[in-house]
Amino acid sequence: MRIRHMMQESLAVVGPDVTFTALLTAYRDTDSRLVYVVDAAGALLGLVSSYDILRAMLPFYLDSNLVKALPDDASVVRQAFAACRDRPVAEIMTTDIAAVSPDDLFLEAEALIAERGVNVLPVVDENGKLVGEVSRRTILKYLAGRYGLEAGE
């Protein structure tokens, strides 16, 4: 079974010069775990996860003891957001990306997901253009629907 039959095609996509503020809007409005960064031709340049967003906003030196000393209000988040609101996505995105093609088998995607310790893989065509994403969840939903793997069947 090829990835093209189970991939999700509705994705949040931004350009590398988009600001952190626009990135947060794109992340909020997507069902995916990721926002993809592409060039003008749609070629995948990077991706941004919730971890990348929080890492950009929060100081690297925070630990569980220091957090206890911070005020329990929105001021910390507002200050963190203000400090990076105009940063371009290119400074935040992850560029070490594992991807699959639409013609790869779903078992290849599963193996790559396990090897890389990720939950989602971008799907790119032969020109590097982003065409979708595949996750363990989408694979399982496809298999359950196609082969009647739901309980009681």
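**Close-up views of a predicted model**

**View 1. The open sheet.** In this predicted model, 3 strands line up as β1-β2-β3 in an open sheet with mixed pairing. Here, two strands pair if DSSP finds at least two bridges between them, and strands (E, at least two residues) and helices (H or I, at least four residues) are DSSP runs numbered from the N terminus. At the edges lie β1 (12-14) and β3 (44-49), each pairing on one side only. Direction ignored, neighbouring strands of this sheet are turned by 30 degrees against each other on average.

**View 2. Where β1 meets β2.** Strands β1 and β2 (residues 34-38) run parallel and are joined by 3 bridges. Look for Val 13, which stands opposite Tyr 36 in β2.

**View 3. A helix on the sheet.** Helix α1 (residues 20-28) packs on the sheet and touches β1, β2 and β3; contact means heavy atoms within 4.5 Å. The direction of α1 makes about 130 degrees with that of β2, using axes fitted to C-alpha atoms, for helices over the stretch in contact, with angles from 0 to 180 degrees between N-to-C directions.

**View 4. The whole chain, for orientation.** Of the 153 residues, 37% count as buried, that is, under 20% relative accessible area with a 1.4 Å probe, protein chains only.

**Notes.** Residues are numbered from 1 along each chain as its sequence is written. Local features need pLDDT of at least 70 and side-chain atom pairs count only at pLDDT 80 or more, while totals for chains, interfaces and linings use all residues; side-chain values use heavy atoms, leaving out hydrogens and water.

How values were computed: Buried < 20%, exposed > 50% of the residue type's maximum accessible area, 1.4 Å probe, protein only.
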